[in-house]
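Please open the model in your viewer and keep a selection panel at hand. The stops below move from whole chains to a single residue.

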Amino acid sequence: MNAPLNLPAADIFPIAAPAALLRFITCGSVDDGKSTLIGRLLYDTGAVPDDQLASLHADSRRFGTQGDALDLALLVDGLAAEREQGITIDVAYRYFSTPRRAFIVADTPGHEQYTRNMATGASGADLAIILVDARKGVLAQTRRHSFIVSMVGVRRVVVAINKMDLVGFDEGVFTAIANSYRAATRHLGFEQIVFIPVSALRGDNIASLSADTPWYRGRALIDYLETVDVSALAADPASLRMPVQWVNRPNAHFRGFSGTIALGAAHVGQDVKILPSGRRTRIASIVTALGEDSSAQQDEAVTLVLEDEVDASRGDVIVSAQDEAPVARVFDGRLLWMSERAASGQGLIVQQGMTTANAALSIRTQIDVNTFAEQPTDSLPVNGIGRVRIRSEKPLVLATYSQDRTLGAFTLIDRLTNETVALGVIDEVNPADLPQGHAAVARKAPDLWRRLLAPADSSSETLAEALSWRIVSALIVTLLAAVATQTAWIALLAGAADFALRLVLRAAHRDAFKRATALRQVDPEQNADGGGI
Amino acid sequence: MIQLTHLQKLEAEAIHIIREVAATCENPVLLYSIGKDSAVLLHLVMKAFAPGKPPFPLLHVDTTWKFREMIAFRDARIAELGLELIVHTNEEGRAAGVNLFASGSRLHTDVMKTQALRQALDKYKFDAAFGGARRDEERSRAKERIFSMRSPEHRWDPKSQRPEPWRLFNTRKRPGESFRVFPLSNWTEADVWDYVALEKIPVVPLYFAKPRPVVARDGMLIMRDDERMALRAGEEIEMRSVRFRTLGCYPLTGAVESNASTLSGIIAEMRSSRVSERQGRLIDHDGGASMEQKKQEGYF
């Protein structure tokens, strides 16, 4: 075999592939023309090969809704059942690229019964295209989709006002819909909303500007998608969060912690700590297949080697030393219930970061996705969205979704059926609910000492540090007493009293403080009957 | 903040998926079918566990009709990387005389590929099998999850798939159930070749054009790789400069006329091509929803 097992260097050339990637979702009401729009995008960017076009011609005659014309929607209706019924059932992912950018499109169903599929598609998207039928305007579904898209953190929306050909390309219709959409979504926190009048069927304002909308001053859809800036907010370059996904121990001489960097960047020599334990150490090296790197950035899948023989396992999170990510068992958030079985609080597993834990769910309100009004409730129907409180059996490293798209997201799994029953985002962590009762029992003696010695944020301080500042403080008191009283035994007594009283008073004060604040911390299990305020 | 490139993002996503399987499944296996997608998958698996080796074996389902160059490449590559490879052939099928030419492509595919794969997965009790399939390849694949659940009978139910929001994959399963896992789900054919070039990944030489003995049959150019392929009346073997866009069983895999003998040549040809890569695969054309049906029966 004279195969080029190693390619000649001359054959390696600059890649012509687009450097950037845009993931977007299309959503809209039934029959708004989502599938047609995606078919149009694929067709206009040359992503449909000739043999697929040939079978499209055959399918258009068989299942098509456009008479003799090509039914572009059939390009994306993948399952046989979908083509027969002419609807999209599941999320379809499509790929196309232009010289400027590569695109991954999630084509998601319009029917309310498939809201969960839509939410899934939206969870990874940088941008959403929301279709509105120019003849129908903003519908309940438009509001619902906009709400879900905003809940999973999409900040940029293109409202494609479709079927403009059927309203005579009337600028008044376009402007009225744009105004009513803005009004309807005022509270959803979108950073940017762009309105484009289109006809997916005819291709108006898709690949190029249409002669039929001379009043439209904006850009064509593809042009906009190619250039829109969706880069995430620059994280603090000194910050790092990497949930440990897998411990790499190929032999006794190597131990690395593999995972995907959720936030910030890692670099060799960086001071880090491991949560929940709070153990501090430093990054010794960053291992890749090609050897070692000096740094790695957000979204990279890496393996970190730490300086000390510290213990960390799947689910722990390696963070920069100054990171304040709370460790807690209770958090509040919003979730979308995805199971046909109505939501109840028991028998659930929460999956978050790289960990899972048994969890109790208490539902507080259901959010009406059409009016965005909230009603107290204790259960949610399929596709219902509600505010909830979740109590995990073990402490989790948590973050709010607005700050951290990895640690702030969660799903719920039914322990018996293994079904994924909900997806949600964390709005508020309850750090006041630090693991006390059951966790304290499991703590080892050094940890007990640390709890007595350490300040409130015990996770950020080592035992040695905590001891050292208390000793220093006691020595200063001794010295001051010695200077003031000129008597050695009084000075020593004052120093010893300072050291001891700090421990005792601190513990006593903490208990009193806990009791006082507990009045505001309603136990979720106690209000499972819907006291949800 | 510097943004990762398109390929770096796809690479990181794939490595994340691969490690997730290693961390949560008991007995994974990598379905290695020798082609370019498998080559990329193998490369990613090596990266995911460096400096160690992948903590699972490779499995090749050998229908006995693969190109000889594929088998030679497979053995050289596995030896070079020092990995464990299981080769499985449906011996019952072979004993029953299932033959590509005599039995037809549909029966051959069912017995020697689909059944053989199920046999191997059952025999070794694998609970997760990596495959190199991509969503851009075919319509029903566009709707498949990254972690695709299979019943104990290996059936795929497209209507009850688990949602996969963010990077939160639900890998819980009951005894007997298993996953097909597709780390390259979001890659396109162009991404695969760009990555092969960027990372200098070795691929089977059949992808590069050179003069090969081919027969024009049923509108395709079939390379006569051994004596088992009898010539029909009027057929003649010609030497033509051809290459392959996908690799499978040689009598079912059409060659394309080409002079692209380098990676850059292949990539340039692919970018200007107006036909899809699976067009050269006979088994995909047994009816509109053919792949969907085969997948429900347990085909990859």
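The tour that follows names what to select at each stop and describes what is there.

The model is predicted: local features need pLDDT of at least 70, side-chain atom pairs count only at pLDDT 80 or more, and totals for chains, interfaces and linings use all residues. Residues are numbered from 1 along each chain as its sequence is written, chains are lettered from A and ligands numbered from 1 in the order in which they are written, and side-chain values use heavy atoms, with hydrogens and water left out.

**Chain A**

Select chain A, which has 11 helices and 23 strands; helices (H or I, at least four residues) and strands (E, at least two) are DSSP runs, numbered from the N terminus. Of its 533 residues, 54% are buried, where buried means under 20% relative accessible area, exposed over 50% and partly exposed in between (1.4 Å probe, protein chains only). The accessible surface of chain A is about 23000 Å², and carbon and sulfur atoms hold 55% of that area; areas come from the Shrake-Rupley method with a 1.4 Å probe, and for residues only the protein chains shown count as cover.

**Chain B**

Move to chain B, with its 9 helices and 10 strands. Here 63% of the 300 residues are buried. The accessible surface amounts to about 11000 Å², 50% of it from carbon and sulfur atoms. Counting contacts (heavy atoms within 4.5 Å) between residues at least 6 apart in sequence, 74% in chain B join residues at least 24 apart.

**The barrel**

Next, select strands S7, S8, S10 and S9 of chain B: in the order S7-S8-S10-S9 they form a closed barrel of 4 strands with antiparallel pairing. From one strand to the next, the twist averages 70°, with axes as lines fitted to C-alpha atoms (for helices over the stretch in contact) and angles from 0 to 180 degrees between N-to-C directions. Two strands pair if DSSP finds at least two bridges between them.

**Ile266(B)**

Finally, select residues 263-272 of chain B, helix H8, and find Ile266(B) within that helix. Is Ile266(B) buried or exposed? Ile266(B) has a relative accessible area of 1% and is therefore buried. Show Trp193(B), Tyr207(B), Phe208(B), Arg243(B) and Ala260(B): these are the contacts of Ile266(B) once neighbours within four places in sequence are set aside. A C-alpha to C-alpha line from Ile266(B) to Arg243(B) spans 9.3 Å, and the two residues are 23 apart in sequence.
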